[in-house]
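The points follow the order in which I would look at the model.

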Amino acid sequence: MFSLINHNSFGIDAKTENFIELKSDDEIDKIFETFNWETKFFILGGGSNVLFTDHYDGTIIHVNNKGKSIIEESENDLLIEVAAGEVWEDFVEWAVKNRYYGAENLALIPGQCGSAPVQNIGAYGLEAKDIIHSVNFREIPSGAKKTILANECNFAYRDSIFKNELKNRALITSVVFKLSKRPSSNVTYRSLKEAFEKKNISNPTPEQIYQTVVDIRREKLPDHREIGNGGSFFKNPVISQEKFSKLLEQYPDLVHWKVDNGKYKLASAQLIDKCGWKAYRNGDAGVHPKQALVLVNYGNASGSEIWNMAKKIQADVLKNFGVSIEPEVIILP
Ligand code: EPU
């Protein structure tokens with residue numbers, strides 16, 4: 001049995017029967033010659049969005065290839081291919097340092113580049129889909145090399161074709177991002193806007209956005225290297241206009257965003273906070289004191305302890321607000 005403790009950001013000491021790391025094209029070729037895809041498997045990137053509630057009775061395939069290369073470049077922008085195993089935080093930092101702009105709002109998100117399209121990672125007014133050009137993958141089980149363009153990926157809020165039609169059918173090997181050489185800034189997200197208003201900066205540079213996002217995240221979110229966590233544990237729920245109006249009457253301070261089809265997205269963090277869960281702790285399982293949406297492992301919590309706490313939170317939010325919040329984190333096995 002192989003311990004996954006260093007392969008999940010919750011720091012859960014779950015074990016797996018079989019662990020295969022893919023570091024090179026050769027190793028990727030080989031798995032398509034040897035692996036029986038009819039057996040139970042899970043493709044793991046950085047492990048920053050999974051919760052192991054028990055040992056994994058199958059094969060964990062960890063994609064960990066490296067490398068990036070500019071594949072097309074013009075006066076204004078560039079296409080850059082990044083191996084799935086590259087660390088996302090490092091890629092964003094590297095891009096900003098090299099003056100390739102567009103990714104800075106997504107600074108410091110844990111995980112690997114190959115996972116970015118799977119759940120269409122997002123933060124501070126930007127989603128991965130906004131900068132993805134295409135995704136290269138190997139088809140399971142044939143091993144055929146395929147490329148899918150961003151507009152074919154069915155990107156949505158923390159969702160994509162890779163979580164649906166292509167679930168367990170695609171091993172992502174690299175992602176092509178479209179970045180800009182011309183600085184431009186996206187400060188639509190409220191807390192980001194407020195941070196610049198406080199600093200009296202009206203037209204922040206991408207470098208300033210990068211630094212500010214880093215500062216906000218460091219201030220509010222625990223570093224999983226110090227305190228185990230999986231980022232936002234729940235998605236933000238989307239509810240009907242009718243339900244929203246009723247809730248707003250009761251809670252005038254309800255944080256919300258208007259989304260498509262006249263619906264409204266609420267902040268799970270606020271709902272959980274209002275239920276009194278913020279800073280809760282039972283043994284080593286807890287709710288982060290600065291961000292109620294982040295469940296944490298203070299040391300030796302088991303995955304099932306975290307999951308049981310999550311279910312209680314879910315039930316409480318449903319009871320108090322009539323709103324069901326769903327995990328963003330993938331619950332295994
Ligand atoms: N809030 C509370 N209590 C809290 C925390 C927040 O009431 O304990 C309220 C705040 O007033 C704030 C609102 O909730 O106005 C929203 O909070 P925040 O801006 O921190 O964002 P979020 O909705 O909790 C989402 C993403 C994050 C992303 C941030 C910033 C999801 C599920 N989460 O969180 O993504 O970094 O916005 O854009 O969409 C992740 O997906 O892992 C993640 C961290």
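1. The side chains of Thr212 and Lys199 make a polar contact at 3.0 Å (a pair of N or O atoms within 3.5 Å; within protein, one must be able to donate a hydrogen and the other to accept it, and residues adjacent in sequence count only if both atoms are side-chain atoms). Thr212 belongs to helix α4, residues 206–220 (helices are DSSP runs of H or I with at least four residues, strands runs of E with at least two, numbered from the N terminus), and it is buried at 3% relative accessibility (buried is under 20% relative accessible area, exposed over 50%, partly exposed in between, with a 1.4 Å probe and protein chains only).

2. This is a predicted model, in which local features need pLDDT of at least 70 and side-chain atom pairs count only at pLDDT 80 or more, while totals for chains, interfaces and linings use all residues. Residues are numbered from 1 along each chain as its sequence is written, and side-chain values use heavy atoms, with hydrogens and water left out.

3. Arg138 and Asp29 meet through their side chains in a salt bridge of 3.0 Å, N to O (a side-chain nitrogen of Lys or Arg within 4 Å of a carboxyl oxygen of Asp or Glu). This pair links distant parts of the chain, with Arg138 in strand β10 and Asp29 in helix α1, 109 residues apart. Arg138 is buried at 10%, whereas Asp29 is partly exposed at 28%.

4. In helix α7, Asp316 and Lys319 lie three residues apart, about one turn of the helix, and their side chains form a salt bridge of 3.7 Å, N to O. Asp316 is buried at 18% relative accessibility, while Lys319 is exposed at 65%.
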